[in-house]
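Reader: I would like to learn how to read a structure feature by feature. Could you walk me through one?

Author: Gladly; have a look first, and then ask away.

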Amino acid sequence: MTTQLNQIGDIPPGLLNVGARELHTVLPGPTLMHLPGRREAPLFVSVLLHGNEDSGLSAIQQVLRRYHSRELPRALSVFFGNVDAAAHGLRVLEGQPDYNRVWPGGEAPDSPERRLMTEVVEAMRARGVFASIDVHNNTGLNPHYACINRLDHRFMQLAALFGRTVVYFIRPRGVQSMAMAELCPATTLECGKPGVAAGAEHAAEFIEASLNLADIPDHAVAPQDIDLFHTVATVKIPERFSFSFEPGAADIAFEPEIDHYNFRELYAGTRFAALRPDSIARLEAHDEDGRDVTERFFSHVDGHITLTRPSMPSMLTLDPRIVRQDCLCYLMERLTAPLSDQ
């Protein structure tokens with residue numbers, strides 16, 4: 001596994017045509033590519049921080065093919081993240097930290113990967129970065145949406161260019177967008193499931209539109225143009241409890257199509273799962289400050305796990321590996337725009 005940053009100043013042969021699994025044949029590892037444009041302050045785009053999320057790579061390839069014989073309207077810096085995991089179609093390799101939890105400002109211990117991300121941030125600081133975009137996919141049934149980490153009009157203006165659904169969060173820490181928010185307006189794009197053309201095309205349109213921005217407005221987004229949600233809790237399954245997405249012998253048996261709950265405003269009493277008879281299994285929910293708020297959101301009685309208050313989940317997935325590597329879901333509440341913490 002390579003954790004040394006490779007910085008380049010042009011497009012390597014073959015980069016615009018390879019899939020994520022073959023990217024390692026073109027790039028030796030994590031690579032920061034800088035390309036010139038008419039406006040000097042670069043747009044920064046990161047892709048493949050999770051190796052199984054390929055929409056970002058495809059989006060960048062589409063944009064660069066469109067400008068193959070033309071000058072970019074703005075300088076562009078692209079960080080190709082976990083090239084090694086991408087070669088295996090995995091979020092991370094065994095023993096690797098999550099590439100989107102080790103950025104400056106996070107809580108991860110010192111590691112080669114954390115030092116790598118610090119080097120990327122400092123390289124972009126030196127170039128006077130204009131704005132930052134981090135492109136992701138998810139494995140559950142989710143709409144396309146953008147995330148921000150500051151309730152700042154410029155951040156909301158940038159995110160709303162992707163679509164009207166915008167999520168504000170400050171947990172988990174150590175993510176790219178939170179680190180880059182110290183330097184410029186920053187957003188994370190969630191482009192639906194990997195391998196779907198519509199997600200990559202949507203991201204490519206947004207990246208191209210961002211390259212053509214002269215500046216980012218510093219006034220409020222019109223309330224009718226944004227649906228703003230606040231992530232108030234992260235839900236996890238303790239390692240000691242087994243789970244499944246179908247009836248069986250697991251401690252927790254979730255509703256078979258629970259990912260259909262994503263971005264639906266659920267009522268109190270909505271059932272999440274059935275518990276094995278006599279099981280002491282439970283979910284755990286923590287708020288932005290790390291406090292246990294399980295009882296505020298979930299009831300574990302009469303053999304079922306149910307919501308105790310109206311909530312809107314995101315990132316529910318039917319992939320057990322992702323649940324263990326990350327979390328079961330996030331719970332959100334609606335915010336009223338315009339807001340600002342500038």
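Reader: Let me start with charges: which residue forms a salt bridge with Glu107, and how far apart are the closest N and O atoms?

Author: Please keep in mind that this is a predicted model. The general idea is that side chains of opposite charge can pair when their charged atoms come close. Here the partner of Glu107 is Arg173, with 3.8 Å between the closest N and O atoms. These two residues link distant parts of the chain, being 66 residues apart. Glu107 belongs to the loop between helix H2 (83-87) and H3, while Arg173 belongs to the loop between strand S7 (165-168) and helix H5 (176-180).

Reader: Is Glu107 buried or exposed? And what does Arg173 count as?

Author: Glu107 is exposed, because its relative accessible area is 56% and the cut-off for that label is over 50%. Arg173 counts as partly exposed, at 26% relative accessibility.

Reader: How many salt bridges does the structure hold?

Author: The count is 20. Another one to look at joins Arg276 and Asp251, where the closest N and O atoms are 2.4 Å apart. This pair also links distant parts of the chain, 25 residues apart: Arg276 is in the loop between S12 and strand S13 (284-286), and Asp251 is in the loop between S10 and S11. Asp251 counts as buried because its relative accessibility is 10%, under the 20% cut-off. Arg276, at 34%, counts as partly exposed.

Reader: Which residue pairs with Asp287 in a salt bridge?

Author: That is Arg291, and the closest N and O atoms are 2.8 Å apart. Asp287 has 9% relative accessibility and so counts as buried. Salt bridges can also share partners: Glu53, Arg91, Asp98, Arg101 and Asp326 are joined into one network in this way.

Reader: Let us turn to nonpolar side chains. Which members of the largest nonpolar core touch the most other members?

Author: The general idea is that, in soluble globular proteins, nonpolar side chains tend to be buried together. In this model the largest nonpolar core has 85 residues, and those touching the most other members are Phe44, Val45, Phe79, Phe80, Trp103, Leu189 and Ile207. Helix H3 (residues 112-126) supplies the largest share of this core, 6 residues. Another core, of 28 residues, lies apart from it and includes Ala233, Phe245, Leu283 and Ala285.

Reader: How should I read the sheet: what is the order of its strands?

Author: The order is S10-S11-S12-S15-S14, in an open sheet of 5 strands with mixed pairing. Strand S10 (243-244) and strand S14 (298-301) are the edge strands, each pairing on one side only. Inside the order, strand S11 (residues 252-254) pairs with strand S12 (residues 271-275) in the antiparallel sense, over 3 bridges.

Reader: Which rings have an arginine over them?

Author: Two cases to look at are Tyr67 and Phe130. The charged end of Arg70 sits over the ring of Tyr67, 4.2 Å from its centre. Arg74 lies over the face of Phe130, at 3.6 Å from the ring centre.

Terms used: Residues are numbered from 1 along each chain as its sequence is written. This is a predicted model: local features need pLDDT of at least 70, side-chain atom pairs count only at pLDDT 80 or more; totals for chains, interfaces and linings use all residues. Side-chain values use heavy atoms; hydrogens and water are left out. A nonpolar core is a set of buried Ala, Val, Leu, Ile, Met, Phe, Trp, Tyr and Cys residues joined through side-chain atoms within 4.5 Å. Buried means under 20% relative accessible area, exposed over 50%, partly exposed in between (1.4 Å probe, protein chains only). Helices (H or I, at least four residues) and strands (E, at least two) are DSSP runs, numbered from the N terminus. Two strands pair if DSSP finds at least two bridges between them. A salt bridge is a side-chain nitrogen of Lys or Arg within 4 Å of a carboxyl oxygen of Asp or Glu. A charge sits over a ring if NZ of Lys or CZ of Arg is within 6 Å of the ring centre and within 35 degrees of the ring normal.
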